[in-house]
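Student: I would like to learn how to read the features of a structural model, one at a time. Could you take me through them, with the general idea before each case?

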Amino acid sequence: MSLYTSFMHIVESHIAPLAGRIGSQRHIIAIRDGFISAMPFLIIGSIMLIVANPPFDPQTSSSFGQVWLSFTRTHWETITMPYFMTMGLMSVFVSVGTAYSLAKSYGMDGLTSALLSLMAFLLAAAPQVENKIALDFLGGSGVFTSLICAVWSVELTRLLKKYNITIHMPAQVPPAIARSFELLYPVIGILLTVYPVSLLLQSEFNLLIPAAIMQVFQPLISVGDTLPAIMLALLIANLLWFAGIHGDNIVVGLLSPIFMANIATNAALMAQGVAATQILTNPYWAFYVCIGGSGSTLVLAILYLRSRSIHLRTIGKLSVVPAIFNINEPLLFGSPIVMNPSLLIPLLIVPLVNTVLSYSALHLDLVQKMVAISPWTTPAPLGALISTAWDYRAVVLVIVLITIDLLIWYPFFKIYEKQLINEEYKQQGSDTSTNTGTPSQQ
């Protein structure tokens, strides 16, 4: 048995089934959906944060820069208010979206479950002090708490329904009112579980639940922001892609809480005029690591356009535009790269090289770290520019990475192209022989 055959046996027998179960797990899907539902708000908040921080030195000679700087100094609170109401409330959106998705997966009412999750999260993260609600943990620092509250509130409601612990209203009562009364016991359940824990932590340790949870998860966040951890996550994602499983859906779904916590930390530091510290964020993954999609295949789509293979040239025409916007399923399945040993090595190596180089550049402060969220479908140079708050060096880094990606992908592309050209010649020869035939056959 060859090494490749042994590897594929391991992937098909062990990795693929496990990944499939993880990818279809309802709680992971709900968490992913929760972050997706929050994304439009976070993008707008990021844009406003960038507007509030012009890419000009205070001593700039640019008249445009001076006008922009003067405008932001005069209207700072007005400009940044949307940021605080979006990025600053990130965990609120995530809690509502996650609970809604999880409830719908159980066939439960999504709206009431989302409201219950919101109540649980506010009890845990935003106690009232002197008639004011604390906002410290409603942003990225409360994201783990928001997920726990979302899952707990839905599971508690489901458990009560399972054992028929609910208020049954007569059939004549309108459905909306009936659902409201059905929520009374879950509300009481949240009050009897979340609230006492919050009061206990406050009285005994002077901590809110999110602060305690962040202390528990801090090692995970710290480890997740290291180069080895990022490389391991990336390797798993692309191995799953090779097996035909959407690796990004699984890996990024698991990393999303870290992504969001890190980008919120960086954004908060920027708003305070302090340098960002965290590297692993959504835009880092999208615009430096996976340029053109998983495997960083933008350059491969461009190479296909000039290929002598009819098949690859066709795939190139179909996939190059989506690849510019970081969508590469047409290329992955059309080439195919999935289950194709000829392209396995670059599929794994290219993103790892991108990770090492970009991580080093950010760690050494050669390029500004990501402080804002740009839609992942933004072309990589522009997305990196926006996410770093107009740091032109981010564009330079993306161009350098694309150039290196081209150098790595090219020889494997040529090998695969040669294989397909030989097959196409054989097929053409076979078709010619079949169509011409012999005199007796005609």
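Student: How many helices and strands are there in the protein chain?

Tutor: Helices (H or I, at least four residues) and strands (E, at least two) are DSSP runs, numbered from the N terminus, and by that reading the protein chain has 19 helices and two strands. This is a predicted model, in which local features need pLDDT of at least 70 and side-chain atom pairs count only at pLDDT 80 or more, while totals for chains, interfaces and linings use all residues. Residues are numbered from 1 along each chain as its sequence is written, and side-chain values use heavy atoms, with hydrogens and water left out.

Student: What do the C-alpha trace and the contacts say about the protein chain as a whole?

Tutor: Along its principal axes the C-alpha trace spans about 95 × 70 × 40 Å. Contact means heavy atoms within 4.5 Å, and among contacts between residues at least 6 apart in sequence, 72% join residues at least 24 apart.

Student: What share of the residues in the protein chain is buried?

Tutor: Buried means under 20% relative accessible area, exposed over 50%, and partly exposed in between, with a 1.4 Å probe and protein chains only. Buried residues make up 48% of the 442 residues here. Accessible areas come from the Shrake-Rupley method with a 1.4 Å probe, where for residues only the protein chains shown count as cover; the accessible surface of the chain comes to about 21,500 Å², of which 68% belongs to carbon and sulfur atoms.

Student: Which residues form the nonpolar patch on the surface?

Tutor: Patches are made of residues with over 30% relative accessible area and no salt bridge, like charges being joined within 9 Å and nonpolar side chains (Val, Leu, Ile, Met, Phe, Trp, Tyr) within 5 Å. Here the patch consists of Leu 159, Tyr 163, Ile 165, Ile 177, Phe 181, Leu 184, Tyr 185, Ile 188 and Leu 192, with about 850 Å² of accessible area together. Helices α8 (175-182) and α9 (184-205) each supply at least two of its residues, and α9 gives the most, with four. Leu 159 lies in helix α7 (residues 143-162) and is partly exposed, with a relative accessible area of 42%.

Student: How is a pair of aromatic rings described, and how many aromatic pairs does the whole structure hold?

Tutor: A pair of aromatic rings is described by the distance of the centres and the angle of the planes. Rings of Phe, Tyr and Trp (its six-membered ring) pair if their centres lie within 6.5 Å, and planes under 30 degrees apart count as stacked, over 60 as edge-to-face and the rest as tilted. A search of the whole structure finds 11 aromatic pairs. In one of them, the ring centres of Phe 56 and Trp 68 are 6.0 Å apart with planes at 65°, so the pair is edge-to-face. This pair links distant parts of the chain, 12 residues apart, with Phe 56 in the loop between α2 (26-51) and α3 (63-74) and Trp 68 in helix α3. Phe 56 is partly exposed at 24% relative accessible area, whereas Trp 68 is buried at 18%. The rings of Trp 241 and Phe 333 are also edge-to-face, because their centres are 5.9 Å apart and their planes at 65°.

Student: Which residues does Pro 55 touch, leaving out those up to four places away in sequence?

Tutor: Pro 55 is found in the loop between α2 and α3, and it touches Trp 68, Ala 389 and Trp 390. Its relative accessible area of 38% makes Pro 55 partly exposed.

Student: How many salt bridges does the search find?

Tutor: Side chains of opposite charge can pair when their charged atoms come close. A salt bridge is a side-chain nitrogen of Lys or Arg within 4 Å of a carboxyl oxygen of Asp or Glu, and the whole structure holds five. Among them, Arg 32 pairs with Asp 33, the closest N and O atoms being 3.6 Å apart. Another joins Asp 365 to Lys 369 at 2.8 Å between the closest N and O atoms; Lys 369 is buried, at 8% relative accessibility. Asp 391 and Arg 393 also meet in a salt bridge (2.9 Å, N to O), in which Asp 391 is buried at 9% relative accessible area and Arg 393 is partly exposed at 32%.
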